[in-house]
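Here are a few exercises to work through with the model open in your viewer. Try each task before you read its solution.

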Amino acid sequence: MLSAPERQAEIAQSTRSTGHVSVSQLANHFGVTPETIRRDLKSLELQGHLVRVHGGAVTVNAVQGIETEFNSNAMVNMDSKRSIAEAAWNRIKQEEDLSSLTIDSGTTAVEFARVLASNNKIFGSQRLTIITNSLPVATVTTDYGINGVHLVGGRIRPITRAVVGDHTVLEFERLRTDFAIMGTNGLSINHGCSTPDPSEAAVKSAMIRSARKVMVLCDSSKFKKDFLVTFASLDAVDVIVTDENVDPNHVEALVSKGIEVVIS
């Protein structure tokens with residue numbers, strides 16, 4: 001059996017080579033317990049060789065940790081965000097007996113809210129309830145005169161204009177909606193959907209648990225990126241809407257996991 005330094009050196013090399021490692025796979029490979037591997041990963045993280053994520057670790061370069069201001073981010077890949085929003089709306093309106101939506105924070109989610117609000121007449125006499133933790137989403141939908149918009153309470157993060165905190169999580173835990181429309185900072189096959197801020201990750205996870213179905217809006221630039229906190233595994237996602245620049249291999253991998261992929 002390898003010594004701890006030898007094992008850690010091999011783990012560091014494997015992480016650099018593949019971009020990511022799994023606790024369970026490493027435990028099987030070395031014939032040690034998952035707890036031993038977690039201690040190895042913690043030690044390697046302290047040495048700057050990798051960054052721990054849910055279920056394993058990734059290379060330092062693979063993990064993004066810098067958030068951009070809402071207004072700045074709103075101008076990035078705007079054409080893709082608008083086309084994704086349109087495609088998401090076209091998919092959502094196919095749902096029968098749709099009566100409630102959870103809409104996440106984020107600039108693509110705001111574009112979706114704008115498209116939904118401008119097309120709200122399609123629901124006719126049907127009342128659509130919208131639950132959100134996003135100040136911009138709440139503003140857009142109410143500006144279009146939609147009734148039944150609920151903004152959850154909590155602490156506001158100025159950088160994303162999202163409402164977060166324990167109270168916010170508790171509110172979503174008590175709700176049940178037909179569909180959750182989610183944004184994400186990064187999406188990868190191994191680590192699912194991720195975001196830099198733990199407080200936003202907690203709220204996003206609660207949103208997903210409260211919804212019957214989950215749709216993730218993700219432009220192609222966010223694929224193969226892992227941020228600090230995973231808020232949803234791909235097993236929790238029903239539909240992913242992305243743009244035409246997405247790598248076909250990524251689409252194939254998602255479809256193989258039973259996820260519906262809509263390309264705008």
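Let's call a residue buried under 20% relative accessible area, exposed over 50%, and partly exposed in between (1.4 Å probe, protein chains only). We're looking at a predicted model, where local features need pLDDT of at least 70, side-chain atom pairs count only at pLDDT 80 or more, and totals for chains, interfaces and linings use all residues. Residues are numbered from 1 along each chain as its sequence is written, and side-chain values use heavy atoms, with hydrogens and water left out.

**Exercise 1.** Work out what share of the chain is buried, and compare its radius of gyration with the globule rule.

Step 1: 51% of the 264 residues count as buried.
Step 2: The radius of gyration is taken over C-alpha atoms, and the rule is 2.2 Å times the number of residues to the power 0.38.
Step 3: For 264 residues, a compact globule would come out near 18 Å; the chain has 20 Å, so the two agree.

**Exercise 2.** Find how the chain divides into domains.

Step 1: Bounds here come from an automatic or database domain assignment.
Step 2: That assignment gives domain 1 (1-63) and domain 2 (65-263).
Step 3: Their C-alpha centres lie 32 Å apart.
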